[in-house]
Structure formats: C-alpha cells, structure tokens
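Please look at the sequence and the fold shown here before reading on.

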Amino acid sequence: MKKLWIVPLLVLCAICSAAFSSERDDFLTRDEINSIRDAEDAGKRVLLYLGFAEQRLDAAREKTASWKEAGTGLAIQKNLSEYNSILEALDDALGDARKQLAPLGKPLKELENQGKHFLKALQQLQNAPNRSDYQFTLDEAVEMTQDELAEAKKGAYPEVNARKP
C-alpha cells in the first residue's frame, strides 16, 4: 500500500520538472512566440527578431550598471545566450524569406542599421568589469552579429547576383 503512493508522486515530480525545464530553455517568451506565429510575412518575422534581440542587449547593458548584485554575470550571460539564439532564428527567418521571395528591402535595411547598433552595444559590454563571467558568449554574439551584417550586405537575393549572363 505504501508503494502505491510513491508511483503517483514520482509521476507528478517528473511532469513538473519537465514543464519547468522546458520553460527555462526557451529563448523567447510566450508573447514573442505568439508574435512570430502571427506574423504571416517572413520579412516581418525578421523585424520582430531584431526587436527581440535589441531587448536582450538592453537587458544585458542594464545589468552592467549593477555589478554589486549577486548573479549579475550570469544574468548578462543568459541575456547574451538568448541574443545568440535569436540571431540564429533571425538567420533562419531570413533564409525562409529568401526562399519565399518575400520583399526584403525594409528588413535588410533595418538589419544593417540595428546590426551596427548591436555591435556598439556589444563593444560596451567588452569594456565592462568582470566580463570573464560571459566573455565566451560575448565573443559569439559579436561574431554572429558580424555574420548577420554580412548576410544583409549580400542583398535580398544573393543567388541572383551570383548568376553570370
């Protein structure tokens, strides 16, 4: 009889831990995910991802002002990790937009403008104290931002430019 209590308790613990861990691993909030789903145009998704990336960088910069709080380095590292994941999703969205031949003039222009802004923000983080807590993730963020800027400079449909008459 005592063993029957253990099984439901273990099942309940497994369900709760699975729900908690899946929430922790998401780099987008539920509202952000819904916004991406609601955006029908792939170019609009690129713009949404840029906004989400900017929010993560702003949060990381705000944390640098409060170094005396415990866990500040980890919070910055988490924001930068989410920023990197958002840039990966942005790259996928850009690829999808190119495949769908979606209009990309505005999204690419915004990507170039925001990308330059992002690089400046990341350089400020490189000059922050105690950056050893998040240095690797910061280096990844700089590299990914530079890669996205290079993608934007290729234009809307780089394969068309590569064709030779």
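The buried residues of α3 pack against α2, α4 and α5, where contact means heavy atoms within 4.5 Å, and buried means under 20% relative accessible area, exposed over 50% and partly exposed in between, with a 1.4 Å probe and protein chains only. Helices here are DSSP runs of H or I with at least four residues, strands are runs of E with at least two, and both are numbered from the N terminus. This is a predicted model, in which local features need pLDDT of at least 70 and side-chain atom pairs count only at pLDDT 80 or more, while totals for chains, interfaces and linings use all residues. Residues are numbered from 1 along each chain as its sequence is written, and side-chain values use heavy atoms, with hydrogens and water left out.

The buried positions of α3 are A42, G43, V46, Y49, L50, F52, A53, R56, L57 and A60. This helix has 23 residues and reaches 34 Å from its first C-alpha to its last, close to the 33 Å expected at 1.5 Å a residue; the expected span is 1.5 Å times one less than the number of residues.

The axes of α2 (residues 30–38) and α3 (residues 42–64) come within 9 Å and cross at roughly 160 degrees, the axes being lines fitted to C-alpha atoms over the stretch in contact, with angles running from 0 to 180 degrees between N-to-C directions. That makes α2 roughly antiparallel to α3, given that angles under 35 degrees count as roughly parallel, over 145 as roughly antiparallel, 65 to 115 as roughly perpendicular and the rest as oblique. The crossing of α2 with α3 is right-handed; a crossing is right-handed if the near helix is turned clockwise from the far one by less than a right angle, and left-handed if anticlockwise. In this contact, E32, S35 and I36 of α2 meet R45, L48, Y49, F52, Q55 and R56 of α3. These residues divide into four nonpolar, two polar and three charged, with Ala, Val, Leu, Ile, Met, Phe, Trp, Tyr, Cys and Pro counted as nonpolar, Asp, Glu, Lys and Arg as charged, and the others, Gly among them, as polar.

By class, their contact has 19 nonpolar, four polar and five charged residues, and α3 passes α4 in a left-handed crossing.

Helix α4 (residues 72–99) has 28 residues and reaches 41 Å between its end C-alpha atoms, close to the 40 Å expected. Most residues other than glycine have a negative phi. L101 is exposed, with a relative accessible area of 59%.

Further along, the buried residues of α6 pack against α4 and α5, and include L138, A141, V142, M144 and L149. Just after α6, G155 takes a positive phi of about 95 degrees.

Taken as a whole, the protein has seven helices and zero strands, and 35% of its 165 residues count as buried. Among contacts between residues at least 6 apart in sequence, 73% join residues at least 24 apart.
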